[in-house]
Amino acid sequence: MRAQSSATAAPRIAVATPERDRPGFGTLQAALGVVAFSLTFPATAWGLEGFGPWSLVAVRSVLAALIAGGALLALRVPLPARRHWPGLAVVAAGVVLGFPLLTTLALRTSTTAHAAVVVGLLPLTTALCSALRVGTRPSRTFWVAALAGAAAVVAFTVQQSGGALTTADLYLFAALLVCAAGYTEGGRLARVMPGWQVIGWALVLCLPLTVPVAVLALAHEPWQLTGHSVTGLLWVAAGSQFLGLVVWYRGMAAIGIPKASQLQLAQPLLTLVWSVLLLGEHLTVAAPLTAAAVLVCIAVTQRARG
């Protein structure tokens, strides 16, 4: 009987294929998250055409929480263990509340191209935060490529915006810090629970705050439903705030936080492309050269071993 039990148990072990054992699939998911995030600034600019900054951030969080909460209820997902709630609070503070609010406040006076100056530093900031929090130790080649990629993105976007620092940059620098912390903590939690549950519970955790803020903001800020404002709101709620983070956290859990974060080096350039197509902004001939340099840096970081 014992021999039979161990024989029948063996196939169960062989069938299991943890997501972190499929790095190619993890890279694809992280890349899809980057594409979703690259649309956030243009969608936010559209949303600000019809909503105030506080209304836009609060309503987007409430809508995303309703989507996530509905999925959690439909699938009867149990509450996370008590030890995971502090980490979820960090995700909520950084990704659900801090980054959307700070970047939305910045985009009132900043163009999407100028905002991309600071966002281009997010991969490096996330890798540094990961090294401090999770204890990852990427190789020297990884860091050289990461710094080179960040420098290329910053040089390009600073040149595009004329190099002038504005008040909006203070919001963006703060957004960098809180978002890197949220990404790091979310990537860590995604190793012990599905990524969509990480962002789902973080969104639900914020509901006692976001619902009253949404009501108050809509009552005090002027708002108007237009094609652009509604489309922008729906995208930042469903695409950026929930679906994008679902695949992003799953990707980080599969390939590691530092390597996933370097895929975001392409995000500012993608944002500039969307800005041309959706907002009518203009790019210089430096764009393809910077894109090529960034792609090389991404390739190096993906091959570098920690």
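## Largest cavity

The largest cavity in this predicted model has a volume of about 180 Å³. The count of cavities of 30 Å³ or more comes to one.

The lining of the largest cavity is made up of 17 residues. Nearest the centre of the cavity lie Phe37, Thr40, Arg60, Phe99 and Tyr183. By class, 10 of the lining residues are nonpolar, six are polar and one is charged.

## Helices around the cavity

Four helices each supply at least two residues of the lining: α3 (40–47), α5 (85–106), α9 (167–189) and α11 (227–255). The most comes from α5, which gives four residues to the lining of the largest cavity.

## Helix α10

Helix α10 covers residues 195–220, a run of 26 residues.

## Threonine 290

Threonine 290 is part of helix α14, which runs over residues 286–303. Its relative accessibility is 10%, and the residue therefore counts as buried, the cut-off for that class being under 20%.

Leaving aside residues up to four places away in sequence, threonine 290 touches Ala152, Phe156 and Leu269.

Technical notes:
Residues numbered from 1 in each chain as written. Predicted model: local features only at pLDDT ≥ 70, side-chain atom pairs only at ≥ 80, totals over all residues. Heavy atoms only, no water. Expected span 1.5 Å × (residues − 1). Buried < 20%, exposed > 50% of the residue type's maximum accessible area, 1.4 Å probe, protein only. Contact = heavy atoms within 4.5 Å. 1 Å grid on protein atoms, 1.4 Å probe; cavity = no way out; pocket = protein on both sides within 12 Å on 5 of 7 lines; lining within 4 Å. Points joined across faces, edges and corners; volume = space filled by probe spheres on them. Nonpolar A, V, L, I, M, F, W, Y, C, P; charged D, E, K, R; others polar.
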